[in-house]
Amino acid sequence: TAFVNRSTHAVACDEIAADRVLSAHVSSPEKLAEAVGERRCEFLQLERGRFQGEITRLSFDRVLICRTSVNRGLLQRYTTPPCSVCIARQARHSSPMFFQGRPLGEGECLIGGPGETAESVSRRAHSQASVSIALDAWQSESHWLPPSPLAAMTGVALLSPGAEWNDNFLGSVEWLITAVISYPDVMQRFELRRGLEEWLLARMNGVRAQATDPCTNRATRARRRIAVERARAYIHDNQNEPITLSDLCRHVHMQPRSLEYGFREMLGLTPMAYVKTLRLHRVRRLLQSGVASARSVSDIALDCGFWHLSQFAVDYKKYFGECPSATSRRTLALRGRTQRTPATPADHAERRLA
């Protein structure tokens, strides 16, 4: 099989893709190159036999996520868009990805800087995940994210962020794909797309900062407590609006790791876990009120900020010990009993005569 050259011109960082969600089976390297999109790709099949592949692609405004699986050894050559940095890593339990003749180790990943061309090889059936992040995403979120070495990446290299970082990277990609494939409409809403992008950026930065807390003195702990109270007030005042970690960090002028330490110190929860807890309680209150008789559980959950409905049902049951539909049914049954008119003495007499 000859090289397949897909020479798409570099896309601008702020260009919004027409097809935001793609999940497809492909029968040739040509089709795989077409499906990747937004990057210049070349594929060469290295093993004889019928080619089969799968691809899932999520196109956000500033982030492009691709997960591919192929059943034959493949040489892949790709060029990162000029305005982005690309991170690639073999999936869990996959055959290794080779770069410059050696396999990626457990704690390694392949990173290409803006406009750089990287070449990797898989020698047999292989799965991998890649994430391209626009440089302006790191820059525009610098007010709440700590500086990332990824934003200053040049050239193509194997980096060793460690097995924990790689697990975090793969887990984040899998979670996003599962969530968006389950609810593709989320990609049509700007605030939800941006929230998922910011969540991914925080995850890319988070592992490195988990080992130590540089802020241990009393003054800093007091500052964190004040920031937590301000963040909680913001959350309570904006329960009907989408809330992201960057919103909270921007409001309290604090980096995410410090804010998380403060929430854990005071409440035993992360900031976003606190948001979820409040929203779960709000759903329960609405289900236990008269609203439950006029609206579906799904509508109430969506209004309270839950767009991943299957995950909402799981979280609700873990928290309250019953499904949201069970709460709704019990509320309707109780309301039905209380609305029945008590029988009068005349009614009893009428029944006896009958």
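These legends accompany several close-up views of a predicted model. Residues are numbered from 1 along each chain as its sequence is written, and side-chain values use heavy atoms, with hydrogens and water left out. In this predicted model, local features need pLDDT of at least 70 and side-chain atom pairs count only at pLDDT 80 or more, while totals for chains, interfaces and linings use all residues.

View 1. Welcome to the largest pocket, which holds about 1,400 Å³ of space. A pocket here is an open set of points on a 1 Å grid over the protein atoms alone, with protein on both sides within 12 Å along at least five of seven lines, and lining residues have an atom within 4 Å of a point. Its volume is the space filled by probe spheres set on the points, which are joined across faces, edges and corners. The lining counts 46 residues, and Trp175, Trp199, Ile243, Met272 and Lys276 lie nearest the centre. Among the helices that each supply at least two lining residues are H3 (163-182), H8 (271-287) and H10 (309-320); H4 gives the largest share, 13 residues. Helices are DSSP runs of H or I with at least four residues, strands are runs of E with at least two, and both are numbered from the N terminus. By class, the lining has 21 nonpolar, 13 polar and twelve charged residues, where Ala, Val, Leu, Ile, Met, Phe, Trp, Tyr, Cys and Pro count as nonpolar, Asp, Glu, Lys and Arg as charged, and the others, Gly among them, as polar.

**View 2. Lys276 and its salt-bridge partner.** Look again at Lys276, one of the residues nearest the centre of the largest pocket. Lys276 forms a salt bridge with Asp315, with the closest N and O atoms 3.1 Å apart. Lys276 lies in helix H8 and Asp315 in helix H10, so the pair ties together parts that are 39 residues apart in sequence. A salt bridge is a side-chain nitrogen of Lys or Arg within 4 Å of a carboxyl oxygen of Asp or Glu. Lys276 is partly exposed at 35% relative accessible area, whereas Asp315 counts as buried at 12%. Buried means under 20% relative accessible area, exposed over 50%, and partly exposed in between (1.4 Å probe, protein chains only).

**View 3. A buried pair, Arg62 and Glu141.** Here the side chains of Arg62 and Glu141 meet in a salt bridge (3.1 Å, N to O). The two partners are 79 residues apart: Arg62 sits in the loop between strands S4 (53-59) and S5 (63-70), and Glu141 in the loop between helix H2 (135-140) and strand S13 (156-159). Both Arg62 and Glu141 are buried. Salt bridges that share partners join Arg62, Glu141, Arg194 and Glu197 into one network. The structure holds 20 salt bridges.

**View 4. The second largest cavity.** A cavity is a set of grid points where a 1.4 Å probe fits but cannot get out, and the count comes to four cavities of 30 Å³ or more. Of its 14 lining residues, Leu74, Gln76, Ser122, His126 and Gln128 are the closest to its centre. Two or more lining residues come from each of S5, S6 (74-79), S11 (117-122) and S12 (126-134). This lining divides into six nonpolar, eight polar and no charged residues.
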